[in-house]
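My entries follow in the order in which I made them.

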Amino acid sequence: EQEKIFFELIDKQIEIEMKKDYSDYSTVRLICAKLEYLKKNNLDSEVNKILEQNIIYPEFRRILVDGEIRKRNFAKAKDLCLEGRKISEKKLHPGTTGEWQQKILEISEKENNIKDIRKWSEVLYFNFNHDMKYFKKLKSTYSGSEWTDKCENIIEKLKKSDIYGGYYSARAIAEIFI
């Protein structure tokens with residue numbers, strides 16, 4: 001009976017929170033309380049059901065993605081990340097969008113999918129302030145002769161894309177030359 005009261009209370013509070021603007025944080029915390037209880041009582045099928053019902057929240061989508069990665073179901077994990085990326089872009093959450101892109105890159109590396117490693121390394125390089133770790137990851141997928149052309153393309157793209165008056169591109173190009 002106490003369990004029933006607990007779930008009713010949580011569900012009622014979730015319903016109240018979801019009607020508010022900017023309710024994601026509170027809603028997620030309430031759902032987490034529910035999940036924690038279910039996990040402690042080894043009700044894994046209920047846990048998965050709630051995770052799937054609340055997949056719009058990145059916290060729960062991440063858990064499902066990690067589960068698919070553990071099962072080595074990389075295609076499903078990537079699909080979940082791509083869907084998460086679309087949601088975060090719609091909500092204008094660039095940090096979360098970047099996290100999904102990083103997760104896709106991580107999965108691509110586990111698969112040894114060179115095409116996707118190249119794609120997501122380049123996307124992340126340009127979206128994450130020209131972070132050299134993505135540049136180096138991208139470079140590692142090319143042979144010497146292929147890399148020369150690709151590197152020139154990146155430099156040209158940097159020269160054309162700087163909306164900040166040249167500083168960011170100049171810094172990125174200098175790092176490439178170094």
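I began with two helices: the axes of helix 4 (residues 58–70) and helix 6 come within 12 Å and cross at roughly 0 degrees. Axes here are lines fitted to C-alpha atoms, for helices over the stretch in contact, with angles from 0 to 180 degrees between N-to-C directions. Helix 4 and helix 6 are therefore roughly parallel to each other (under 35 degrees counts as roughly parallel). Helices are DSSP runs of H or I with at least four residues, numbered from the N terminus.

The model is predicted, so local features need pLDDT of at least 70 and side-chain atom pairs count only at pLDDT 80 or more, while totals for chains, interfaces and linings use all residues. Residues are numbered from 1 along each chain as its sequence is written, and side-chain values use heavy atoms, with hydrogens and water left out.

Next I listed the contact, meaning heavy atoms within 4.5 Å. Helix 4 brings Pro58, Arg61, Arg62, Val65, Asp66 and Ile69, and helix 6 brings Thr96, Glu99, Trp100, Lys103, Glu106, Ile107 and Lys110. By class, this contact of helix 4 with helix 6 has five nonpolar, one polar and seven charged residues. Ala, Val, Leu, Ile, Met, Phe, Trp, Tyr, Cys and Pro count as nonpolar, Asp, Glu, Lys and Arg as charged, and the others, Gly among them, as polar.

Is Lys103 buried or exposed? Lys103, in helix 6, is buried, with a relative accessible area of 17%. Buried means under 20% relative accessible area and exposed over 50% (1.4 Å probe, protein chains only). Not counting residues up to four places away in sequence, Lys103 touches Val65, Asp66, Ile69 and Cys81.

I then checked Pro94, which is found in helix 6 (residues 94–111). Pro94 is exposed, at a relative accessible area of 65%. From Pro94 to Ile104, ten residues on in sequence, I read 15 Å, C-alpha to C-alpha.

Asn42 has a positive phi of about 55 degrees although it is not a glycine. Asn42 lies in the loop between helix 2 (24–40) and helix 3, and counts as exposed at 63% relative accessibility. Asn112 also has a positive phi, near 60 degrees, in a residue other than glycine. I found Asn112 in the loop between helix 6 and helix 7 (114–127), and at 55% relative accessibility Asn112 counts as exposed.

Note on methods:
Angles under 35 degrees count as roughly parallel, over 145 as roughly antiparallel, 65 to 115 as roughly perpendicular and the rest as oblique.
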